[in-house]
Amino acid sequence: MGMGMTDVLVVGAGPTGLVLACDLARRGAAVRIVDRSPAPPRTSRAKGPNARSLEILDDLGVADEVLAAGSDPLPMLKYRDRLPVAETDPWADSAPSPDAPYDRGRLIAQWRLEEILRDRLAGYGVRVELGREVVGLTEAADGRHVNVTFAEDRTERVRYVVGCDGAHSSVRKLLGIGFEGTTAEDQVMVCGDVDLAEGALDRTRWHQWFDEDGAVMLCPIPGTRTGWWFQAGPERDVRGRPLAPTADGFRRLLARHTALPGRALTRAELLSTYRVNVRMADRFRAGRVFLAGDAAHVHAVAGGLGMNTGIQDAFNLGWKLGLVLAGHAGAELLDTYEEERLPVATRTLDLTSERLRATLEAIRRPGGGLDAAITLDTTGLGVGYRWSSLARAHDEAPRPDETPRPNETPRPGDCLPGSPQPGDRAPDTPCVDAATGARTRLHRFFAGPRTTVLGFGPGSAAVLREVAAAYGDTGVRTCRVYAPYEGGARSGPGTAVVDDEGHAAAAYGTGASDDRDTETDTDTRTGTDTATGTVIVVRPDHHLGLSAPADDAGSVHAYLRRLHGAGRPRNGSPALVDAARKG
């Protein structure tokens, strides 16, 4: 890495910053992460990762710990005038499917999730530097690094900076990037972590009291015996202005809306006031500095998408920075971060505002509750980037009438024949490891910081061999997906899996259906089309980059060149490669 210059300085050690730091560290980048709080930040804001975030945490190797430390989302018990009136389990009709093993998120305290991610990061030798505040950022005259000034007046040189430092981001303010939007002063909630007397309430439910004159919500915090997340409409003064949250205020709210006495609440901490803020940064990048998570966008809490959108920002940016720093991809790859994530943030702002409106509407009626905020969209599995420049074959020019339409995201389960399209999330499916015979899943093969080239059908073998020869040790792996009826030696470079139940062919739309047109070059005995096959490039963040017929090796090579250069690592430090590129 040259003179030990930091490749990436991550500012802010919440879930977004920690996911990004873990992803960069495992790629061998020289990453540092700083946070201005003197101790690890503790907050009770986010209730846990959604289904898509669990896939990302699985890729980072921490999903099992997160699952163990959390609980399933709970049924909601709703009250009016202190009496239970309805119970809803928003996930009752949902089940894991072959292409999505996580159909729901996980309840886990945000500080616990951060602890798990900090431990993973420490395993790479990277520790959060606490009590370090960034007060100055200037891009160097040579355009090759950023000078970062800390509060204690030290200036350090780093190649890239990513601001993951929340809604009040200093990085965003130092860059002078606008944060337009609205704050709804009247839509206010007070929150905190509280302890209730043991046995005061059933811990298998999320209790929600919605009255004409206010609301209290209590959700048990997993991993604690008596801890609960408390959210409520605030107390107000005589002029109707919301009062700041206090333990005694929480007790009065409890006594007023629930059948519990105020004294049942024995402790209250991490008190905060939440106002509905819907804002977005004008841009997610200025030169060598990027914004991710709440620093880039904040929105209504409905649907629980705040932390999840940030984790997904980080997972989109990490591999791109990694490939540019390693000298494989040109710096222009970094332009695709904003190209892909800004429309997703816009859509998320609209979606959450709509869910908030639906929820406020629902709670006017007895039995209405927060389940109004939960839809298929909130799993995150349907988010894709079909409009992206990374979602095209190299010879495809955008049609003049083609404008990005990020709101046309396919919903999970909506897969049409021949889908998914480039840009969409790559489906996960059960399969068998051809080498060991062990049951596994496609996402296990995608895991780790690499691009995966999947080959379906006999015709794909040649392209996979060429790719393995050109890119063998530069972060590209090949995986041949065999149909159950394909005999022969299942060997060759890269990994191989057997699609023993046909789920992969179905999910990727590459299956040979039984009613195949018999006039094509088909082996009637097995139904396989012997001449062809399909090659699919899966980006490191599990999104489809390219889908091409196996005889179009040119498109596959052109796509890989864009991400991984001409194959086989070049000599020279990343900085020199960067400089040579810039010319």
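How many cavities of 30 Å³ or more does the count come to? The count comes to 4, where a cavity is a set of points, on a 1 Å grid over the protein atoms alone, at which a 1.4 Å probe fits but cannot get out. This is a predicted model, in which local features need pLDDT of at least 70 and side-chain atom pairs count only at pLDDT 80 or more, while totals for chains, interfaces and linings use all residues. Residues are numbered from 1 along each chain as its sequence is written, and side-chain values use heavy atoms, with hydrogens and water left out.

**View 1. The whole protein, before we zoom in.** The protein has 13 helices and 25 strands; these are DSSP runs numbered from the N terminus, with helices (H or I) of at least four residues and strands (E) of at least two. Of its 583 residues, 55% count as buried, meaning under 20% relative accessible area with a 1.4 Å probe and protein chains only, while exposed means over 50% and partly exposed lies in between. Among contacts (heavy atoms within 4.5 Å) with a separation of 6 or more, 70% join residues 24 or more positions apart.

**View 2. The second largest cavity.** About 80 Å³ of space lies in this cavity, a volume being the space filled by probe spheres set on grid points that are joined across faces, edges and corners. Its lining residues, which have an atom within 4 Å of a point, include Arg52, Ile56, Phe315, Arg341, Tyr385 and His543. Two or more lining residues come from each of α2 (51–59) and α7 (306–325). The largest share, 3 residues, belongs to α7. By type, the lining divides into 4 nonpolar, 4 polar and 3 charged residues. Here Ala, Val, Leu, Ile, Met, Phe, Trp, Tyr, Cys and Pro count as nonpolar, Asp, Glu, Lys and Arg as charged, and the others, Gly among them, as polar.

**View 3. Helix α7, from end to end.** With 20 residues, α7 reaches 29 Å from its first C-alpha to its last, close to the 28 Å expected at 1.5 Å a residue; the expected span is 1.5 Å times one less than the number of residues. Because 19 of its 20 residues are buried, α7 is largely enclosed by the rest of the structure. Gly327, whose phi is positive, near 80°, follows α7.

View 4. The 13 residues of α4 (residues 110–122) should span 18 Å, and the end C-alpha atoms are 18 Å apart, which agrees. Its buried residues include Trp111, Leu113, Ile116 and Leu117. Their cover includes α1 (15–26), β2 (31–35), α2, α3 (63–69), β9 (179–196) and α7.

View 5. His542, by contrast, is buried, with a relative accessible area of 1%. His542 sits in the loop between β24 (534–538) and β25 (544–549), with phi near 65°.

**View 6. Where to read with care.** Mean pLDDT, the predictor's confidence in each residue from 0 to 100, is 85 for the protein, and 84% of residues reach 70 or more. Over residues 513–530 pLDDT stays under 50, and the model has 19 contacts for them beyond four places in sequence. Residues 569–583 also stay under 50, with 25 such contacts. Where pLDDT is low, the predicted coordinates should not be read in detail.

Key:
On a 1 Å grid over the protein atoms alone, a cavity is a set of points where a 1.4 Å probe fits but cannot get out, and a pocket is an open set with protein on both sides within 12 Å along at least five of seven lines; lining residues have an atom within 4 Å of a point.
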